[in-house]
Amino acid sequence: MTQRRLISSGSTFEEQIGYSRAVVAGDHVHVSGTTGFDYTTMTISEDLLTQAAQCLRNIEQALAEAGCTFANVVRVRYLLPDRADFEPCWPLLRKAFGAARPAATLAICGLLDARARIEIEVDARL
């Protein structure tokens, strides 16, 4: 099996549920579904765009620890409980992913914490 390196954000969810924020396997980087929680304080804003921006900061930090950036992202999955919340996020998402233009999917679904309004998962290549 390819060498694996586990990356943690310090989120209490990772320990409670049993997962990593990201896993580096060979030249693949898999970042778990990431919400707008500030993982240092385990707090989350009620505001959609504040959540989306924090979500992207969380992903950016995991990617950096793995040795890459948003430019390395090849796949992104957007998970939202309310489809009306997606379009207001487009400018933030375009800023993060517009240059890389990864393959993308949107799913409308319930999220683990009812306060979370968006969750983003990405795959990248080193």
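Predicted model: local features only at pLDDT ≥ 70, side-chain atom pairs only at ≥ 80, totals over all residues.
Let me begin with helix α2, whose buried residues are Leu48, Gln51, Ala52, Ala53, Gln54, Cys55, Leu56, Asn58, Ile59, Ala62, Leu63 and Ala66. Buried here means under 20% relative accessible area, exposed means over 50%, and partly exposed lies in between, with a 1.4 Å probe and protein chains only. Helices (H or I, at least four residues) and strands (E, at least two) are DSSP runs, numbered from the N terminus.

Residues are numbered from 1 along each chain as its sequence is written, and side-chain values use heavy atoms, with hydrogens and water left out.

Which elements do the buried residues of α2 pack against? They pack against the strands β1 (4–7), β2 (22–25), β3 (28–34), β4 (73–80) and β6 (119–125), and against helix α3 (86–97). Contact, throughout this talk, means heavy atoms within 4.5 Å. As to its length, α2 covers residues 48–66, and at 1.5 Å a residue its 19 residues should span 27 Å; the end C-alpha atoms are 27 Å apart, which agrees. That expected span is 1.5 Å times one less than the number of residues.

I turn now to the overall fold. The protein has 3 helices and 6 strands, and along the sequence they follow the pattern β-α-β-β-α-β-α-β-β. Its radius of gyration is 14 Å, close to the 14 Å that the globule rule gives for 126 residues, so the protein is as compact as a globular protein of that length. The radius is taken over C-alpha atoms, and the rule is 2.2 Å times the number of residues to the power 0.38. Along the principal axes, the C-alpha trace spans about 40 × 35 × 20 Å.

Of the 126 residues, 43% count as buried. Among contacts between residues at least 6 apart in sequence, 69% join residues at least 24 apart.

Next, the loop between β3 and α2. Thr35 has its place in this loop and is buried, with a relative accessible area of 11%. Leaving aside neighbours within four places in sequence, Thr35 is in contact with Cys55, Asn58, Ala116, Ile118 and Glu119. Gly36 lies in the loop between β3 and α2 as well, and Gly36 is buried, with a relative accessible area of 5%. With neighbours within four places again set aside, the contacts of Gly36 are Thr43, Ile44, Gln51, Gln54, Cys55, Asn58 and Ile118. Gly36 and Asp85 are 49 residues apart in sequence, and their C-alpha atoms are 14 Å apart in space. Met42 is also found in the loop between β3 and α2; its phi is near 55°, a positive value in a residue other than glycine.

A positive phi occurs at Arg101 too, near 50°, again in a residue other than glycine. Is Arg101 buried or exposed? Arg101 is exposed, with a relative accessible area of 70%, and its place is in the loop between α3 and β5 (103–108).

Two leucines complete the survey. Leu92 lies in helix α3 and, at 27% relative accessibility, counts as partly exposed. Beyond neighbours within four places in sequence, Leu92 is in contact with Leu49, Ala52, Ala53 and Leu56. The C-alpha atoms of Leu92 and Val76, 16 residues apart along the chain, are separated by 14 Å.

Leu79 is found in strand β4 and is buried, with a relative accessible area of 18%. Its contacts, neighbours within four places in sequence aside, are Ala107, Cys109, Leu111, Ile118 and Glu119. Between Leu79 and Asp27, 52 residues apart along the chain, the C-alpha separation is 25 Å.
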